[in-house]
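Me: I'm new to this one and would like to learn how to read it. Can you take me through it step by step?

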Amino acid sequence: MSARVKPFVPSGKDFELAKRFFKDLGFSVKWEAPGYAELQHGSAAFILQEIDNQILQENFMVFVAVDDLDAWWKHILDSGVLERYPGTRAKPPTEYPWGNREVHLIDVGGVCWHFGG
């Protein structure tokens with residue numbers, strides 16, 4: 001028996017901007033419906049939901065397991081999203097007290113994405 005998680009991630013104020021951000025980061029859109037879009041990169045998938053709740057977004061975090069964290073960090077930098085999307089920011093690979101080495105990326109809505117092994 002297996003299970004997968006596919007979170008509903010809030011888009012913030014601008015759903016279309018958030019969708020472009022993730023596409024520029026390398027995610028592909030699997031399907032769309034009014035106010036929703038499933039995005040996928042490899043085996044990682046989530047549903048972008050058109051909702052703007054600043055408290056939710058600033059406290060929402062998603063962990064994405066990646067095979068090569070340094071390559072992901074380079075991918076984030078090379079994608080140009082940090083320059084093109086105001087308000088986004090990222091922290092380079094860092095070793096955390098909980099035992100993970102992670103990259104943290106804040107998306108256009110304020111959600112914190114943890115990329116790690």
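**Reading the fold**

Reply: Let's begin with the inventory: the protein chain has four helices and eight strands. Keep in mind that this is a predicted model.

Me: In what pattern do they follow one another along the sequence?

Reply: Reading along the protein chain, you get β-α-β-β-β-α-β-α-α-β-β-β.

Me: What does the radius of gyration say about the protein chain?

Reply: The idea is to set the value beside a rule for globules. A compact globule with 117 residues would have a radius of gyration near 13 Å, and the protein chain has 14 Å, which agrees. Its C-alpha atoms fill a box of roughly 40 × 40 × 25 Å along the principal axes. As for burial, 41% of the 117 residues count as buried.

Me: Which strands pair in the parallel sense, and over how many bridges?

Reply: That's E1 and E4, over three bridges. In this pair, Pro10 stands opposite Gln49 in E4. E2 and E3 run antiparallel, joined by five bridges, and Val29 has Leu39 in E3 as its bridge partner. E3 and E4 are also paired in the antiparallel sense, over six bridges.

Me: What should I look for in the hairpins?

Reply: Look at the residues between the strands and at their phi angles. The hairpin of E2 and E3 has two residues between the strands, and Gly35 takes a positive phi near 85 degrees there. In the hairpin of E3 and E4, with two residues between the strands as well, Gly42 has a positive phi near 60 degrees.

Me: Which residues touch the most other members of the largest nonpolar core?

Reply: Out of 26 residues in that core, they are Phe22, Leu25, Phe46, Trp113 and Phe115. Several elements each supply at least two residues of the core, among them helix H1 (15-24), helix H3 (69-79) and strand E8 (112-116). Take Phe22 as a case: beyond its close sequence neighbours, Phe22 touches Phe27, Leu39, Phe46, Leu48, Asp107 and Trp113.

Me: How do I read a single strand residue, then?

Reply: Start from a general point: side chains in a regular strand alternate between the two faces of the sheet. Then check the case, say Glu38, which lies in strand E3.

Me: Is Glu38 buried or exposed?

Reply: Buried, because its relative accessibility is 9% and the cut-off is under 20%. Glu38 stands opposite Ile47 in E4, and a polar contact of 3.0 Å joins the side chains of Glu38 and Lys6.

Me: What about Lys91, and where is its place?

Reply: Lys91 is in strand E6 (residues 89-95). With 41% relative accessibility, Lys91 counts as partly exposed. Setting aside neighbours within four places in sequence, Lys91 is in contact with Trp73, Tyr96, Val103 and His104. Val108 is 17 residues from Lys91 along the chain, and their C-alpha atoms are separated by 15 Å.

Technical notes. Residues numbered from 1 in each chain as written. Predicted model: local features only at pLDDT ≥ 70, side-chain atom pairs only at ≥ 80, totals over all residues. Heavy atoms only, no water. Buried < 20%, exposed > 50% of the residue type's maximum accessible area, 1.4 Å probe, protein only. Contact = heavy atoms within 4.5 Å. Core = buried A, V, L, I, M, F, W, Y, C linked by side-chain atoms within 4.5 Å. Polar contact = N/O pair within 3.5 Å; in protein donor to acceptor, adjacent residues only side chain to side chain. Pairing = 2+ DSSP bridges. Rg over C-alpha atoms; globule rule 2.2 N^0.38 Å.
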